[in-house]
Amino acid sequence: MDTKIWGIIGGIALLLALLSPFVLSSTKKVERIFEDAEELYEQGQYEVAIAKYNKVLKETKKIGVKIETIDADFIAYVNYKIARCLKLINRVDEALQHYRFIVSQFPNSQWATDSYVDSGDIYFDRKDYKAASEAYKQALDTIVDAERRKQIHQKYQQTLVLINSSKPTPTSELTHLELEEIDTSDFAALTEATSLRFEKRFEEAARQYNVFASNYLPAETAVYALYWAGRCYYEADLFSQSVDAFERLIDDYSYSPNTIEAYHGLAKSYCSWAEKEGDKSNKWPLVIRTIDAAKAKYSTRDTTLNRKFLRLIADIKRKVPDIPKPTPPEEICVSEGRTYFEKDKLVLAEEKAKKALHINKTYQPAHRLLRDIKNEHYARGLEFLDANQYSEAIDPFNKVISIKQYKDSIDSQYKEAYFYLGVAYFNLHNYAYAENAVNEALVIDPEYEEALRLLGEINKSRD
């Protein structure tokens with residue numbers, strides 16, 4: 001081969017070798033700018049994010065940048081994020097232009113579907129329900145994923161409700177809950193409830209949704225009606241009714257993939273209820289309980305819908321103040337019992353100690369309280385004996401003995417209580433009772449010398 005040709009080939013090879021680091025560097029530069037744009041987007045700095053995304057698009061046009069190493073739909077995605085930013089800062093006409101560009105240039109991209117949906121949302125906010133309906137319908141024509149299709153179908157169904165209703169004032173806040181085709185008669189009732197909701201006549205709408213949900217309906221239609229009953233009661237600040245609707249949905253339709261939205265609504269209702277009632281509210285623990293139940297049920301079911309609502313539920317949890325742990329009921333009982341003990345109300349003190357042990361058999365403060373009560377009865381019994389008041393001594397010693405059923409409180413005083421009870425009966429010449437009491441002491445301690453001597457005296461007295 002000609003030496004000149006070899007020289008050209010060698011020069012090209014050298015040039016490629018020299019350029020390859022710069023090509024790699026340019027691709028990485030695009031990735032870095034894109035990451036910056038995404039971070040700005042997440043921070044809500046949409047104007048600055050738009051500039052970054054546009055810079056990404058400019059860099060991708062440079063020779064050697066291999067965007068396919070980033071993502072096959074990378075250009076479509078960047079355009080979509082620009083459109084989203086424009087929509088979020090209310091530059092909706094520009095956003096619509098970008099959405100049209102995406103669906104025309106990237107019709108097979110998933111971002112085309114999202115562009116149709118976002119366009120539908122814009123038209124919906126503008127009350128142009130026919131345009132919104134057409135956009136949602138086009139989105140349905142571009143998607144095969146069943147779950148996503150149901151979500152979009154629900155929005156499409158909403159536009160049909162509004163197109164056929166003469167008086168709604170809409171809201172753009174739509175649930176993910178899907179609503180399949182329903183019977184004509186039911187559709188009319190649902191249209192009325194939806195119209196009331198869009199007019200912000202929330203209490204009336206909630207009642208109608210609630211009645212509607214009580215009729216015999218297909219499961220997903222009932223889920224839809226119950227959800228909006230809960231939401232409308234919430235908007236009307238009727239938190240108790242809102243909670244009832246969401247709990248009914250959760251209890252009766254736990255198998256529905258959309259029940260997570262009811263958990264979100266329930267947590268939100270309890271949270272607002274707690275905020276309304278103030279610091280003394282007992283609803284904050286219910287917020288935590290609801291959030292924990294949702295996490296336990298859905299954290300292992302990784303779907304887009306579940307991830308979204310678990311994030312929203314986590315946001316609610318951040319509103320929950322630090323809740324002091326409630327005083328254990330057994331501690332409350334012992335505290336009340338100590339108060340009675342100090343006031344010399346030993347019967348009431350004993351009742352509280354026994355109630356605490358009924359709650360927690362191993363709760364030592366309750367055992368200590370019983371011990372102190374027993375010691376007080378024991379001391380009083382001895383005082384009566386020392387004063388030769390034998391009849392009065394019987395009751396205190398019997399009360400000491402009655403505490404015997406709590407095994408953790410058993411000690412040597414029980415045999416002594418039986419012994420001194422025997423002494424009291426002996427001095428009252430009631431030998432049968434005296435013998436029974438002494439025998440009980442000997443059951444505890446067969447070598448109990450004082451009890452053996454007393455038994456001998458009892459037998460002599462009988463003779």
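## A walk through a helical chain

A379 is found in helix α17, and this residue makes a handy place to start our tour of what is a predicted model. With a relative accessibility of 31%, A379 counts as partly exposed, because partly exposed covers the range between the buried limit of 20% and the exposed limit of 50%.

Let's step back for a moment and look at the whole chain. Its secondary structure consists of 21 helices and 0 strands. Of the 463 residues, 44% are buried. If you take the contacts with a sequence separation of 6 or more, 57% of them join residues 24 or more positions apart.

Now back to α17, this time with a partner. Two packed helices are described by the angle between their axes and the distance between the axes. Helix α15 (residues 329–342) and helix α17 (residues 364–386) have axes that come within 10 Å and cross at roughly 15 degrees. Angles under 35 degrees count as roughly parallel, so α15 and α17 are roughly parallel to each other. The crossing in which α15 passes α17 is left-handed. Which residues do the meeting in this pair? From α15 come V334, G337, R338 and F341, and from α17 come P365, A366, R368, L369, D372, I373 and E376. Sorted by class, the residues of this contact of α15 with α17 are 6 nonpolar, 1 polar and 4 charged.

Most residues other than glycine have a negative phi, and most peptide bonds are trans. D344 is not a glycine, yet its phi is positive, at about 65 degrees. Its relative accessible area of 44% makes D344 partly exposed.

You can find a second residue of this kind further along. H429 lies in the loop between α19 (413–427) and α20, and H429 has a positive phi of about 65 degrees although it is not a glycine. Is H429 buried or exposed? At 58% relative accessibility, H429 counts as exposed.

The axes of α20 (residues 431–444) and α21 (residues 449–462) come within 10 Å and cross at roughly 155 degrees. That makes α20 roughly antiparallel to α21, because angles over 145 degrees count as roughly antiparallel. As for handedness, α20 passes α21 in a left-handed crossing. On the α20 side, the contact brings in Y431, A432, A434, E435, V438, N439, A441 and L442, which meet A451, L452, L454, L455, I458, S461 and R462 in α21. By class, this contact of α20 with α21 has 11 nonpolar, 2 polar and 2 charged residues.

For a last stop, let's zoom in on a single side chain. S119 has its place in helix α5 (residues 110–125). Its relative accessible area is 9%, so S119 is buried. Where does the side chain of S119 reach? It reaches the backbone oxygen of S115, at 2.8 Å. Leaving aside residues up to four places away in sequence, S119 touches L96, Y99 and A135.

Key:
Residues numbered from 1 in each chain as written. Predicted model: local features only at pLDDT ≥ 70, side-chain atom pairs only at ≥ 80, totals over all residues. Heavy atoms only, no water. Axes fitted to C-alpha atoms, helices over the stretch in contact; angles between N-to-C directions. Helix = DSSP H or I, 4+ residues; strand = E, 2+ residues; numbered from the N terminus. Parallel < 35°, antiparallel > 145°, perpendicular 65-115°, else oblique. Left-handed = near helix turned anticlockwise from the far one by under 90°. Contact = heavy atoms within 4.5 Å. Nonpolar A, V, L, I, M, F, W, Y, C, P; charged D, E, K, R; others polar. Buried < 20%, exposed > 50% of the residue type's maximum accessible area, 1.4 Å probe, protein only. Polar contact = N/O pair within 3.5 Å; in protein donor to acceptor, adjacent residues only side chain to side chain.
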